[in-house]
Amino acid sequence: MSLSAFLGLLLICAGLLFFLAGSVGLLRFPDVYSRLHALTKADNLGLGLITAGLMVQAESGAHALRLLLIWILVLASGAFSSNLLARTARRRGIPPWSRG
Amino acid sequence: MTADIFDFLLVMALVGFGGYLLLARDLFRSIVLYIVFGLFVSLAWVRLGAPDVALAEAAIGAGVTGALLLRASALQRKMGNEEETHGVFLGAALAGGALLFTVSLTSILLSFPPLTDGLAGSVLARLPESGVTNPVTAVLLNFRGYDTLLEIGVLLLALLGVWSLGPAGHLPTEAPGPVLGAYIRLISPLLVLSAGYLLWLGAHAPGGAFQAAALLAGGGVLALLGATVMLPIYGGFSLRLLICGGLILFVAVAAGVMVPGGTLLEYPPEGAKGLILLIEGGLTLSIAAILIVLFAGGRPGGDL
């Protein structure tokens with residue numbers, strides 16, 4: 001196994017861990033706001049690590065750059081859409097969860 | 001081996017999501033599951049080696065159709081229509097009918113002689129005459145251009161159907177909040193750029209008019225929701241021309257090549273690339289306009 005393939009595998013596995021944590025958070029967290037928090041962590045860091053893992057194995061610089069661009073776009077979409085979701089939830093008067 | 005496991009999980013997920021979305025209690029949940037289902041179908045197309053179909057399924061099947069369904073459900077709720085619940089009887093009858101249909105269709109398909117390579121050989125042999133190097137685009141826009149021509153006609157008819165139902169549903173008229181506004185400003189130029197890229201790519205790689213149009217339509221829907229574009233204001237002649245333009249251009253080219261003595265849709269090989277690009281450019285704009293207006297859910301401007 002070449003160094004880039006090994007590094008890529010390592011990064012992708014690290015990314016998958018974030019997705020796993022995000023999915024557990026989505027299922028287990030008590031309200032919409034904390035679930036959004038869990039989900040965006042998975043999207044941002046998990047996808048970032050997976051993209052990095054694919055980038056080190058990319059055939060050319062142009063391919064790697066395109067992957068980076070995709071990550072940035074997903075990052076922006078995730079940030080904006082989770083903000084819109086949280087705003088809508090707050091407008092509808094869904095109270096944030098608090099202990100006790 | 002790993003690929004087999006992945007495919008098995010994919011098929012199981014498809015069947016699971018399919019069943020879940022049919023049995024889901026409320027409409028909203030069904031629609032969200034339908035979008036997820038579409039994304040998995042597109043993954044299945046990738047596994048089957050058909051990236052063109054995968055792209056179309058993700059952009060149109062999951063993306064645009066999902067947005068249209070969500071819009072329809074929101075409009076329905078706004079009109080105060082109750083969701084109709086059907087009895088167990090009707091459900092069972094429909095399920096039985098669908099099962100019967102599936103079984104008979106499968107038995108018919110199994111009775112066919114095993115496929116050789118179909119028409120792939122003939123397409124590849126004549127590819128140099130088509131003007132493009134992507135066999136899918138060659139079939140869609142040249143060898144079977146007739147089908148694509150009729151498809152646009154069908155899309156226009158669908159729009160006529162929606163327009164005949166009534167005026168467009170409620171759309172926001174106030175300026176969007178700072179976040180949505182910033183997002184629209186960031187994403188709109190990128191969507192236009194990627195749509196142009198996909199359109200150009202269609203000549204030699206997976207891409208083309210429908211996929212490009214779906215991207216443009218996504219931007220258009222965002223603009224409608226953010227009240228950046230006021231559909232009623234543009235509901236006049238120019239919008240209608242944009243909607244019909246693709247079909248008009250397609251028919252004009254299809255008939256125009258008959259002038260030097262050819263038959264309908266028979267492009268001269270030397271000018272084929274330019275003609276295909278011209279048609280696809282027109283189609284992209286028209287399909288995008290049709291999809292955006294479909295999202296509005298009725299006639300813009302209120303009257304015909």
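**Exercise 1. What is the handedness of the crossing of α9(B) and α11(B)?**

Before starting, note that this is a predicted model, in which local features need pLDDT of at least 70, side-chain atom pairs count only at pLDDT 80 or more, and totals for chains, interfaces and linings use all residues. Residues are numbered from 1 along each chain as its sequence is written, chains are lettered from A and ligands numbered from 1 in the order in which they are written, and side-chain values use heavy atoms, with hydrogens and water left out.

Solution. Helices here are DSSP runs (H or I, at least four residues), numbered from the N terminus. Locate α9, residues 209-225 of chain B, and α11, residues 272-296 of chain B, whose axes lie 8 Å apart at an angle of about 40°; axes are lines fitted to C-alpha atoms over the stretch in contact, and angles run from 0 to 180 degrees between N-to-C directions. Because of that angle, α9(B) is oblique to α11(B), given that under 35 degrees counts as roughly parallel, over 145 as roughly antiparallel, 65 to 115 as roughly perpendicular and the rest as oblique. The crossing is right-handed, that is, the near helix is turned clockwise from the far one by less than a right angle.

**Exercise 2. Describe how α2(B) packs against α3(B).**

Solution. In chain B, α2 (residues 27-47) and α3 (residues 51-78) pack at about 175°, with axes 8 Å apart, so α2(B) is roughly antiparallel to α3(B). Contact means heavy atoms within 4.5 Å; among the residues that meet are F28(B), Y34(B) and W45(B) from α2(B), and E57(B), L69(B) and Q76(B) from α3(B).

**Exercise 3. Decide whether T51(A) is buried or exposed, and find its contacts.**

Solution. T51(A) belongs to helix α2 of chain A, residues 32-55. Its relative accessible area is 7%, and T51(A) is therefore buried, the classes being buried under 20%, exposed over 50% and partly exposed in between (1.4 Å probe, protein chains only). Apart from neighbours within four places in sequence, T51(A) touches L67(A), L68(A) and W71(A).

**Exercise 4. Characterise the interface between chain A and chain B.**

Solution. Begin with the residues: eight of chain A are in contact with ten of chain B. The buried area, the accessible area (1.4 Å probe) that two parts lose on being put together, summed over both, is about 720 Å², and carbon and sulfur atoms give 76% of it. On the side of chain A, L73(A), F80(A) and L84(A) lose the most area to chain B, together 55% of what that side buries.

Methods: Helix = DSSP H or I, 4+ residues; strand = E, 2+ residues; numbered from the N terminus.
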